[in-house]
Amino acid sequence: MMILRAPVVSLRSVGPDMYVLSLHAPQIAANVLPAQFLNIKATDGSEPLLRRPFSVYRTQGENVEILFNIVGAGTRILSRLRPGDLVDILGPLGCPFSLESDFRTAVLVGGGLGVAPFPHATNALSRSSRQIRTFLGARSSPHILRDHLQNVSVATDDGSEGYHGTVVALVRNALESGSIDRPKIFGCGPEPMLRALARAAIDLGIPCEVSLESVMACGIGICQGCPVERTGGEKKYSLICNEGTVFDARTIKFS
Ligand SMILES: Cc1cc2nc3c(=O)[nH]c(=O)nc-3n(C[C@H](O)[C@H](O)[C@H](O)COP(=O)(O)OP(=O)(O)OC[C@H]3O[C@@H](n4cnc5c(N)ncnc54)[C@H](O)[C@@H]3O)c2cc1C
Ligand code: FES
């Protein structure tokens with residue numbers, strides 16, 4: 001884990017209110033693993049005071065990229081950065097997806113901005129002999145971001161592109177058809193989606209890891225502000241920031 005001030009390389013708009021921010025951070029770009037995140041201080045001032053967590057979207061040489069949409073003060077500040085501005089980042093944080101375990105096809109399932117960790121995961125997976133299937137869900141077609149992904153199937157809430165319905169229904173249909181060779185699911189997105197995905201994985205007996213979110217303060221296990229309830233084992237609760245964000249879906253008690 002490092003703390004550093006990284007210069008902005010570029011900020012590009014990639015969809016409605018969606019941006020990719022590229023930062024020059026060689027040490028992080030060389031070491032960050034899929035589903036790890038950065039805790040970013042959006043401003044030197046006190047508003048907002050706390051860092052904001054973002055998944056690493058992609059690495060490009062010595063640069064590291066995050067994908068974000070504007071939801072509040074911190075992300076609005078990020079959307080106004082210019083090349084050369086310095087950004088205070090802490091990372092890489094959290095545990096990565098287990099891409100080395102025993103499976104043949106990685107089934108990547110992203111809801112909304114939950115697509116964020118998958119370009120980096122796709123890059124890592126494409127260096128192995130594994131197959132990749134990607135399932136993306138969003139409100140409508142303009143909110144689907146398929147850049148740097150492989151074999152993408154789409155579900156939209158309004159039916160403007162792909163399957164008309166939820167991404168979990170889409171992926172469940174594909175898994176039930178038996179056409180996916182020895183799958184393992186990797187999910188990221190809003191909690192209701194992850195809950196439904198975990199249910200489907202358990203029903204179908206398919207291994208599944210989910211990357212969870214929470215409002216975070218420290219991001220490194222100090223403030224105890226990001227607990228998630230577990231289904232069994234030694235601990236009743238785990239901290240999402242440093243015991244996750246990735247968990248075996250069977251071990252999470254979704255609210
Ligand atoms: C591990 C992790 C990875 C993340 N990766 C990404 C990413 O790749 N791209 C991205 O756009 N966002 C990501 N997020 C969410 C992102 O951190 C928040 O959207 C961001 O902190 C909002 O900051 P803000 O100051 O703009 O908004 P704020 O003013 O802090 O919040 C605006 C609204 O969003 C709510 N909110 C803030 N954080 C969360 C959260 N984690 N879950 C649900 N509601 C929240 C607040 O309660 C408030 O209602 C991630 C969160 C976590 C924990
Ligand atoms: S955010 Fe502080 S312990 Fe997780």
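1. By class, the residues around ligand 1 divide into 13 nonpolar, 7 polar and 2 charged. This shell comprises 22 residues, and the closest of them are Phe-68, Gly-72, Gly-74, Thr-75 and Ala-116. Strands β4 and β6 (63-69) and helix α2 (73-78) are the elements that give two or more residues to the shell. The model is a predicted one, and the points below should be read accordingly.

2. One open sheet has 7 strands in the order β4-β3-β7-β1-β2-β6-β5, with antiparallel pairing. Strands β4 (52-55) and β5 (58-60) stand at its edges; each has a single partner strand, so one side of each is left without a neighbour in the sheet. From one strand to the next, the twist averages 40 degrees.

3. Gly-15 has Met-18 of β2 as its bridge partner, and Arg-12 stands opposite Val-20 of β2. The hairpin of β1 and β2 has 2 residues between the strands, and Asp-17 there takes a positive phi near 65 degrees. Strand β2 is also joined to β6 by 7 bridges, again in an antiparallel arrangement; Leu-21 has Ile-66 of β6 as its bridge partner.

4. A second open sheet of 7 strands has the order β11-β10-β9-β8-β12-β13-β16, and its pairing is mixed. The edge strands are β11 and β16 (246-248), each of which pairs on one side only. Several of the pairings are parallel. Strands β9 and β10 run parallel with 5 bridges, and Leu-136 stands opposite Val-154 of β10. Strands β10 and β11 run parallel with 2 bridges, and the bridge partner of Thr-156 is His-164 in β11. Strand β12 runs parallel to strand β13 (residues 208-211), to which 4 bridges join it, and Ile-185 stands opposite Cys-208 of β13.

5. Helices pack on this second sheet. Helix α3 touches β8, β9 and β12, and its direction makes about 170 degrees with that of β8. Helix α5 touches β8, β9, β12 and β13, and its direction makes about 170 degrees with that of β13.

6. Which residues of helix α4 (residues 167-176) are buried? They are Val-167, Val-168, Leu-170, Val-171 and Leu-175. These residues cover an arc of only 160 degrees around the axis, which puts them on the same side of α4. Their cover includes β8 (105-111), β9 (131-138), β10 (152-156), β11 (163-164), β12 (183-188) and α5 (191-204). Gly-178, which follows α4, has a positive phi near 75 degrees.

7. Ala-124 is found in helix α3 (residues 118-125). This residue counts as partly exposed because it has 18 C-beta neighbours inside 10 Å, whereas the threshold for a buried residue is 20 or more. Leaving aside neighbours within four places in sequence, Ala-124 is in contact with Pro-34 and Leu-99. Ala-124 and Pro-26 are 98 residues apart in sequence, and their C-alpha atoms are 17 Å apart in space.

8. One joins Gly-91 and Pro-92, with omega about -5 degrees; Pro-92 is found in strand β7 (residues 86-93). The other runs from Gly-244 to Thr-245, with omega near 15 degrees. Thr-245 is found in the loop between α6 (240-243) and β16.

9. Ala-35 and Gln-224 are residues other than glycine with positive phi. Ala-35, with phi of about 85 degrees, lies in the loop between α1 (26-31) and β3 (37-41). Gln-224, with phi near 65 degrees, lies in the loop between β13 and β14 (227-229). Is each of these residues buried or exposed? Ala-35 counts as buried because it has 27 C-beta neighbours inside 10 Å. Gln-224 has 11 other C-beta atoms within 10 Å and is therefore exposed.

Definitions and conventions: Residues are numbered from 1 along each chain as its sequence is written. Chains are lettered from A and ligands numbered from 1 in the order in which they are written. This is a predicted model: local features need pLDDT of at least 70, side-chain atom pairs count only at pLDDT 80 or more; totals for chains, interfaces and linings use all residues. A residue is buried if 20 or more other C-beta atoms lie within 10 Å of its own, exposed if 12 or fewer, and partly exposed in between; C-beta atoms are placed from the backbone. The arc is that of the directions from the helix axis to the C-beta atoms. Two residues are in contact if their C-beta atoms, placed from the backbone, lie within 7 Å. Two strands pair if DSSP finds at least two bridges between them. Axes are lines fitted to C-alpha atoms, for helices over the stretch in contact, and angles run from 0 to 180 degrees between N-to-C directions. A residue is near a molecule or strand if its C-beta atom, placed from the backbone, lies within 6 Å of it. Ala, Val, Leu, Ile, Met, Phe, Trp, Tyr, Cys and Pro count as nonpolar, Asp, Glu, Lys and Arg as charged, and the others, Gly among them, as polar.
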